[in-house]
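Please keep the sequence and the model at hand while reading.

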Amino acid sequence: MAHDLHLKDPMTEQRLFRNRMLVAIAVVVLMLGVLVARFYHLQVVNYDSYRTQSDKNRIQVRPVAPTRGLIYDRNGELLADNRPSYTLAIVRERVRDLDATLELIGRLVRLDDSDVEKFRQRMQRRRPFEPVPLRFRLSEDEIARISVNEFRLPGVSVEAELVRYYPRTDLFAHSVGYVGRISDRELANFSEEDVRRYRGTQSIGKVGLERSYEDLLLGEVGYENVETNARGRVLRVLERQDPKPGAALTLHLDSRLQKVASDALGDRRGAVVAIDVKTGGVLAFVSKPSFDPNLFVTGISFNDYRALSDSLDVPLFNRALQGQYPPGSTLKPMMGLGGLAAGVINAETRIKDPGFYRLPNDPRIYRDWKRWGHGDKVDLVQALAESCDVYFWDMAYRWNIDGMHDIAARFGLGEKTGIDLPVERAGLFPSREWKRGARGLPWFPGDSLNAVLGQGFVLATPLQLAVMTATIASRGTHYRPQMVKAVDGVVLPPEVLHHVEARPEHWDLVFKGMEAVVYSVRGTGKKAGAGLDFRVAGKSGTAQVVGIAQGERYDSEALKERHRDHALFIAFAPVEDPQIAVSVLVENGEGGGKVAAPVAREVFFDWLSRPGEKSAGLPPVTVDSEGGRLRG
């Protein structure tokens, strides 16, 4: 016992305990220091960084798409509207298993393979936390099923948006056009500014005025800061910058006249263009057959697009703007004016028409459409009224292609009209240089005989023929055709491109000849003025689709329907004070006076029978040589 007490040293044990305590305290202090340092690093040094990361999970900046500008006709009737539509969208960052989510959604609403495919394509070009559309135009029943299963669908939301709607369906498809979803090719061509402007927007103008006025119709995107929960649901809007809506367009087009022209054309393939002689405003612009542009707004189905693209009638083709047809005898008034101005013919010029024409030293016979001829003393008025080919062949031989090309250019043939629509075609009026370059051949006298009758190499669009007719009706004032009359209520003044100079008596003679087309005993366009209480001036035309061998007669019954001649008619009214000019094309309609002239008559009757219907009477704008606009 005394030995044990002797072995324990209280001082040693006390010193050992104190040392252990100091070590423990040091460890605790060190650990607390590490924690404090870490807290300092998190809360002070990297405070801004972690706060930003936290806010990204809680607060998001979302683009707010602008309301697309509306489009009205001249009387305020809505042609392009915006209607609410409900879209099913997914925020990828909020979805754990995308395939499983898509499978569940497919059991709740109808999903086509194309819906999923287009969704995955959109996913590739989205921004972080940006909702990607999966299905458009949800029904009320589909919205209810999604809402009931909301707890099972994190990251999935139903969003209301405005989508384009065309209330007149196919009536203005080729003029107003349509919008469609932004394609990968369009996105690849976007500048940084374009990417910013189209944030939150899925659509872009594809054709027609929707495309050519895209910058004005689009508007300016807005932004909002929103607070979301862990599932991505918006809890509240913290801050908002409102978008600016797109501009509203008012057109020269008249809905009632458009319907009249379309009904008059019926089920036949063709085009009708009507122009205000005083301003160049396009009053009617019909291309048939047409299509429903609403099919394209949120993405057309494969079957619908195939039905349109595979149709032999080509409803997607804009015949009025892009159809290039031989204009036939509709060019004779313009050619007659050119011959008068060049001194090749005059009011007293008369020719003998035996029903055929021969060039000197050429054995070929060029047969007039009237095989027994038009008489021994045919002047310009009779030549226009009865569409005498021999008169114009004789004039063409004594003239030359250089003069014909010059007058055609002054009336706008062979070049684009400059209308405010995209993808216009220029047609063709040949010259010596053109034939040498395109065909490697010189110009022959027979080529001139074809050109003066609007055949051979000559091609024109129905729009160009309407502009030509309006220029004749205005006695030489050549306007740029315009679809849009006003932007946000601000009227766009007419643009005069140039003036076709001719002596007053020459204009009078052409007017007299065109009036005789409708009212003389043997006039070829009498159906254009039947029953009207005002005078109409016009010119019929028939253009060959397939060649007929020299000396043979045209046999309609022997030809397939699509190989038969095109029927054309141009006209203006009233003769004493022209207000409206019209061109009509009926594909394979054969007789311009029989088939196309009655269509023009219906357009004239509707427009000029309205009480107080007048042209806008706006001050014209002349375009100078540098392309600037000078107020007249």
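Arg199 is located in the loop that runs between helix 8 (192-197) and strand 7 (203-207). The model is a predicted one. The points below begin with this arginine and then turn to salt bridges, a helix pair and backbone features.

- Arg199 has a relative accessibility of 16% and therefore counts as buried, the limit being under 20%.
- Leaving aside residues up to four places away in sequence, Arg199 touches Val61, Pro63, Arg127, Val221 and Tyr223.

**Salt bridges**

- Side chains of opposite charge can pair when their charged atoms come close.
- The count of salt bridges in the model comes to 36.
- One of them pairs Arg319 with Glu587, whose closest N and O atoms are 2.8 Å apart. This pair links distant parts of the chain, 268 residues apart: Arg319 belongs to helix 13 (residues 319-322), while Glu587 sits in the loop between strand 23 (580-586) and helix 22 (592-608).
- Arg319, at 3% relative accessibility, counts as buried, and Glu587, at 13%, counts as buried too.
- Arg503 forms a salt bridge with Glu505, with 2.5 Å between the closest N and O atoms. Glu505 has a relative accessibility of 40% and so counts as partly exposed.
- A salt bridge also connects Arg610 and Asp606, where the closest N and O atoms are 2.7 Å apart. Arg610 counts as buried at 11% relative accessibility, and Asp606 counts as buried at 10%.

**Helix 14 and helix 16**

- The axes of helix 14 (residues 332-342) and helix 16 (residues 389-398) come within 11 Å and cross at roughly 40°. Helix 14 is therefore oblique to helix 16.
- The crossing of these two helices is left-handed.
- Helix 14 contributes Lys332, Met335, Gly336 and Gly339 to the contact, and helix 16 contributes Asp389, Phe392 and Met395.
- Sorted by class, the residues in the contact of helix 14 with helix 16 are 3 nonpolar, 2 polar and 2 charged.

**Cis peptide bonds**

- Lys288 and Pro289 are joined by a cis peptide bond with omega of about 0°. Pro289 is placed in the loop between strand 12 (282-288) and helix 12 (302-309).
- Ala573 and Pro574 are likewise joined by a cis peptide bond, here with omega of about -15°. Pro574 lies in the loop between strand 22 (566-573) and strand 23.

- Val314 is not a glycine, yet its phi is positive, at about 50°. This valine lies in the loop between helix 12 and helix 13.
- Val314 has a relative accessible area of 37% and is therefore partly exposed.
- Asn588, another residue other than glycine, has a positive phi near 55°. Asn588 is found in the loop between strand 23 and helix 22, the loop that also holds Glu587.
- With a relative accessibility of 9%, Asn588 counts as buried.

Key. Residues numbered from 1 in each chain as written. Predicted model: local features only at pLDDT ≥ 70, side-chain atom pairs only at ≥ 80, totals over all residues. Heavy atoms only, no water. Salt bridge = Lys/Arg side-chain N within 4 Å of Asp/Glu carboxyl O. Helix = DSSP H or I, 4+ residues; strand = E, 2+ residues; numbered from the N terminus. Buried < 20%, exposed > 50% of the residue type's maximum accessible area, 1.4 Å probe, protein only. Contact = heavy atoms within 4.5 Å. Axes fitted to C-alpha atoms, helices over the stretch in contact; angles between N-to-C directions. Parallel < 35°, antiparallel > 145°, perpendicular 65-115°, else oblique. Left-handed = near helix turned anticlockwise from the far one by under 90°. Nonpolar A, V, L, I, M, F, W, Y, C, P; charged D, E, K, R; others polar.
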